[in-house]
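What can be read from its atoms by a reader who meets it here for the first time?

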Amino acid sequence: MAKRTTFWILTLAGIALFGIVIWQTIRHWQWLDEHGLDGLVALDVLALGILTLVIPLHLRSMMETATPWGMVRDVVVRGVLMMLAFTAVSFFLLLIGVLLALLAQMKRPYLLLPALLILVPIGLSAADFVRGVMQRTPANLVWSWLLHNFKLYYLLLIQLGTIPIAFLLFPAGFFLQIITLVEEGMRFFSAKTFDSMPMLCEWTNVGQSTCAPTLISFHIGHLILAILGAKYGEWFLDKAADGYAAGLEWVGERITY
């Protein structure tokens, strides 16, 4: 009987709290809008509504094993942690919105990606801290931030390094090899005198005296790099994957769960 009474008290208290929050939000909406807090509060109200629906289901699942006081403590602790997590996520989204608006006013849209690369690891480590994924200590917060930075930047570095290089060495490089060889063959076997330099020399803006060495260096150098890429590319990716796994393990061992 005590558990059933506790169940109904907690359920009705959650519904009443949700109703009071909606009433107060509507009452002070103009002030929230003027101070730019409307989006943050709206997301928190939505989170509280979801929590109000989840509480009865969670309480029913623990009625057989938990005591009435255990039910109260569990609901309060989980509810506070969920609201803190939603608030942190909402604040992070609000921060991104403010950043976008600020960059638009500054007319510096190219700064968006670097700003997000800085903010995303901070948001992820803060979410881990709030959700209790790890022990809530300052050291864990720092190591979690480093872990998310390593995951993000290491993968970006590998992708931004290997994909453009592979594209330049193979499809783009061999295409340029073919068209320059065709052009050079036409110039060599044609009796016509060409006023302009070969296309590759025009693109690289080299002089007449250095055009021939430039063409030879390109043809030989590209073939050497392509052979090295084909031979050692898979080995490099394997080493990069091993380094990624080792880095994750090294940083992860310093986080206490």
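Predicted model: local features only at pLDDT ≥ 70, side-chain atom pairs only at ≥ 80, totals over all residues.

Where does Val-133 lie? Val-133 is found in the loop between α5 (112-131) and α6, where helices (H or I, at least four residues) and strands (E, at least two) are taken as DSSP runs and numbered from the N terminus. Residues are numbered from 1 along each chain as its sequence is written, and side-chain values use heavy atoms, with hydrogens and water left out.

Val-133 counts as partly exposed because its relative accessibility is 37%; on this scale, buried means under 20% relative accessible area, exposed means over 50%, and partly exposed lies in between, with a 1.4 Å probe and protein chains only. Leaving aside its neighbours within four places in sequence, Val-133 is in contact (heavy atoms within 4.5 Å) with Asp-128 and Tyr-257. Val-133 and Tyr-257 are 124 residues apart along the chain, yet their C-alpha atoms are separated by 6.9 Å.

Not counting residues up to four places away in sequence, His-148 touches Pro-121, Leu-124, Ser-125 and Asp-128, whereas Asn-149, with its neighbours within four places left aside, is in contact with Pro-121 and Tyr-154.

The account now turns to the start of the chain. Helix α1 (residues 2-27) has 26 residues, which should span 38 Å at 1.5 Å a residue, and its end C-alpha atoms are 37 Å apart, which agrees; the expected span of a helix is 1.5 Å times one less than its number of residues. The buried residues of α1 are Thr-6, Phe-7, Leu-10, Thr-11, Gly-14 and Thr-25. One of these, Leu-10, has a relative accessible area of 13% and is therefore buried. With neighbours within four places in sequence left aside, Leu-10 is in contact with Leu-59, Met-71, Val-72 and Val-75. The C-alpha atoms of Leu-10 and Ala-88, which are 78 residues apart along the chain, are separated by 25 Å.

Leu-59 touches Phe-7, Leu-10, Thr-11, Met-71 and Val-75, not counting residues up to four places away in sequence.

Gly-39 and Ile-158 are 119 residues apart in sequence and 37 Å apart in space, C-alpha to C-alpha.

Empty space is the last topic. Rolling a probe the size of a water molecule over the atoms shows where empty space is left. A pocket is an open set of points on a 1 Å grid over the protein atoms alone, where a 1.4 Å probe fits, with protein on both sides within 12 Å along at least five of seven lines, and its lining residues have an atom within 4 Å of a point. The largest pocket has a volume of about 380 Å³, a volume being the space filled by probe spheres set on the points, which are joined across faces, edges and corners. Of the 17 residues that line the largest pocket, the closest to its centre are Thr-162, Ile-165, Gly-229, Gly-233 and Phe-236. Helices α6 (138-189) and α8 (208-252) each supply at least two residues of this lining, and α6 gives the most, with 9 residues.

The second largest pocket has a volume of about 260 Å³. Of the 14 residues that line the second largest pocket, the closest to its centre are Leu-17, Leu-51, Ile-55, Val-75 and Gly-79. Helices α1, α3 (38-62) and α4 (68-106) each supply at least two residues of the lining of the second largest pocket.
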